[in-house]
Amino acid sequence: MKNFWYLFAAYTVIWAVVLGFVLSFYLRERALRREVEALKELLDRQEGHTAPGEGDKVQG
Amino acid sequence: MVDARAGQRPSPRVEGRAAGLGWGVGALLVATAAVMVVALYMALVWAPPERLQGQVYRIFFFHVPVSWVAYLAFAVTFAGGLAYLRSGRASWDRAAAASAEVGVVFTTLSLVTGSIWGKPILNAWWGWDVRLTTTLVLWLIYLGYLMIRAYAAEQAQGARLAAVVGVVGFVVVPINFFSIRLWRGLHPGPNIGTEGGLEIEGAMAATLFVSLAAVTLLYITLLVARIRLRSLTDAVGEIKARLGVGGIR
Amino acid sequence: MTAILGKVGAIVWKDVLAELRTKDIVLSVGVFAVLVIIVFNFAFQPGAQGIGAVAPGALWVAVVFAGVLGMNRAFVLEKERGTLPGLLLCPVPREAIFAGKMAASLLFMLLVEAAVVPLFGVFLGLPLFPPALVPIVLLATLGFAAAGTLFSAVAASSRSRELMLPILLLPVLVPVILSAVGASAAVFAGEPFGEYRTWVQVLIGFDVVYLVLSAWVFEYVVQE
């Protein structure tokens with residue numbers, strides 16, 4: 001069944017692309033989380049006080 | 001939300017909404033995965049081989065839904081863009097942009113899988129037929145949509161320009177289709193998107209239906225996840241602007 | 001109505017005056033179109049058997065590429081000189097601004113075509129300017145100018161202006177290019193109007209859709 005290769009290729013491409021797309025979501029969200037952490041730190045430093053137990057709370 | 005007391009923190013409301021969408025994504029993901037597994041089983045195992053094309057025709061169980069849903073995605077971009085131009089509400093723009101992105105990915109899949117099917121059956125990776133050409137043109141239009149967003153000087157302007165491209169680009173689709181059909185001459189009647197004359201029987205139709213459901217669910221999941229990511233990005237951007245550390249975006 | 005037309009006329013006149021002083025657009029676009037035709041001649045072996053079949057395509061590719069070049073100037077120039085806000089502050093409806101800019105571009109394009117089409121005939125041994133070609137050129141250029149002006153305004157607002165215009169414009173121009181090529185091929189082959197009527201209908205349909213659509217969405221594009 002020489003055509004089987006094409007079937008395999010098509011399904012591989014579909015899932016590779018979809019997973020790549022989802023991976024890009026994950027990477028962007030991770031970058032965003034880091035940014036939020038940095039911002040919180042900055043904000044805490046600016047306001048000169050650190051509310052206890054808040055540094056580890058990031059939603060989303 | 002536990003930290004509602006951090007009231008002076010900018011936009012906890014936006015973050016909260018994004019978190020809500022997060023739950024939605026989780027639920028959708030489970031549903032999509034379940035239907036997808038069934039669809040894959042039906043498409044790859046359960047449906048009988050096609051009489052003329054043998055096994056390769058199974059590409060169609062995903063190629064066809066992906067193409068249809070890509071058009072749906074661009075229709076959503078069109079509607080979202082229109083609503084954004086009318087109301088100026090960022091949420092419409094987020095939906096439109098997210099849908100365009102998913103649409104471009106799905107159109108890419110449609111073109112690639114169609115090409116992979118065409119090689120063994122029509123003995124060519126590509127043919128300038130009506131559907132292929134129209135889809136390719138559509139793909140280019142929405143690449144332009146994403147590029148104009150990315151290259152805009154500021155976000156709101158990019159959203160507006162992109163909405164215009166999305167609206168105008170979608171309106172041209174019928175004219176595009178018609179002119180390309182004229183150019184190629186009249187085409188043999190379509191049989192669920194094939195030139196190879198696929199014979200659809202009961203089991204195949206059922207499989208196609210289930211995979212259409214799976215792909216539509218996949219679209220909705222990706223759409224919601226992307227919208228959520230966009231609102232998070234926007235919220236962070238908003239906070240940065242308020243803190244005066246923006247401009248690096 | 002006449003008041004609006006007067007305002008449109010004023011905007012056209014402004015662009016024509018600017019063009020008369022610099023001769024930027026018409027000259028460079030014309031020269032570019034001729035260059036494209038010459039390059040095509042190298043690609044296709046002059047006097048070759050099938051030249052009649054590819055000639056209309058070459059003509060319109062030359063016109064469209066040159067036109068994109070010219071369209072780039074329509075709004076980029078206003079942006080660069082900082083005159084766009086002034087133009088937008090004029091007490092005229094946005095549709096009139098669009099119509100004025102479009103009419104000016106249409107004028108420049110037609111001027112270029114009036115020179116390039118006969119030259120094309122000279123180079124390729126085709127009829128210089130068959131009368132039946134006139135309405136086709138007019139309709140195609142109108143559609144080109146309508147879509148081109150809109151997307152020129154869109155591209156001018158983005159960071160990489162000159163790059164964005166062709167990327168946005170060429171895909172939506174597919175119907176214009178196809179029908180202009182189809183109709184002019186029929187004209188060069190001496191076929192009667194009935195043979196290419198559908199192409200002309202596509203052109204008219206495109207023109208109407210684009211004129212209405214562009215005039216309507218233009219205000220969102222130039223909104224600051």
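Where does H9(C) bend by about 35 degrees? Select Trp216(C): the bend of H9(C) is there. (The bend at a residue is the angle between axes fitted to the seven residues ending there and the seven starting there.)

This is a predicted model: local features need pLDDT of at least 70, side-chain atom pairs count only at pLDDT 80 or more, and totals for chains, interfaces and linings use all residues. Residues are numbered from 1 along each chain as written, chains are lettered from A and ligands numbered from 1 in written order, and side-chain values use heavy atoms, without hydrogens and water.

**Stop 1: helix H9 of chain C**

Show residues 193-222 of chain C. This helix has 30 residues and reaches 40 Å from first C-alpha to last, close to the 44 Å expected at 1.5 Å a residue. (Helices are DSSP runs of H or I, at least four residues, numbered from the N terminus; the expected span is 1.5 Å times one less than the number of residues.)

**Stop 2: H1(A) beside H3(B)**

Select residues 4-47 of chain A and 90-122 of chain B. The axes of H1(A) and H3(B) come within 9 Å and cross at roughly 165 degrees. (Axes are lines fitted to C-alpha atoms over the stretch in contact, and angles run from 0 to 180 degrees between N-to-C directions.) The two helices are therefore roughly antiparallel. (Angles over 145 degrees count as roughly antiparallel, and under 35 as roughly parallel.) Residues in the contact include Tyr6(A), Phe21(A) and Arg28(A) of H1(A), and Glu101(B) and Lys119(B) of H3(B). (Contact means heavy atoms within 4.5 Å.) By class, the contact of H1(A) with H3(B) has 14 nonpolar, one polar and three charged residues. (Ala, Val, Leu, Ile, Met, Phe, Trp, Tyr, Cys and Pro count as nonpolar, Asp, Glu, Lys and Arg as charged, and the others, Gly among them, as polar.)

**Stop 3: H1(A) beside H6(B)**

H1(A) and H6(B) pack at about 25 degrees, axes 10 Å apart. That makes them roughly parallel. Among the residues that meet are Phe25(A) and Glu29(A) in H1(A), with Leu222(B) and Arg226(B) in H6(B). The contact of H1(A) with H6(B) holds 16 nonpolar, two polar and six charged residues. Just past H6(B), pick Gly244(B), with a positive phi of about 75 degrees.

**Stop 4: H5(B) beside H6(C)**

Select residues 155-184 of chain B and 133-156 of chain C. Their axes come within 10 Å and cross at roughly 150 degrees. Leu161(B), Val164(B), Val165(B) and Val168(B) meet Leu150(C), Phe151(C) and Val154(C).

Key:
Angles under 35 degrees count as roughly parallel, over 145 as roughly antiparallel, 65 to 115 as roughly perpendicular and the rest as oblique.
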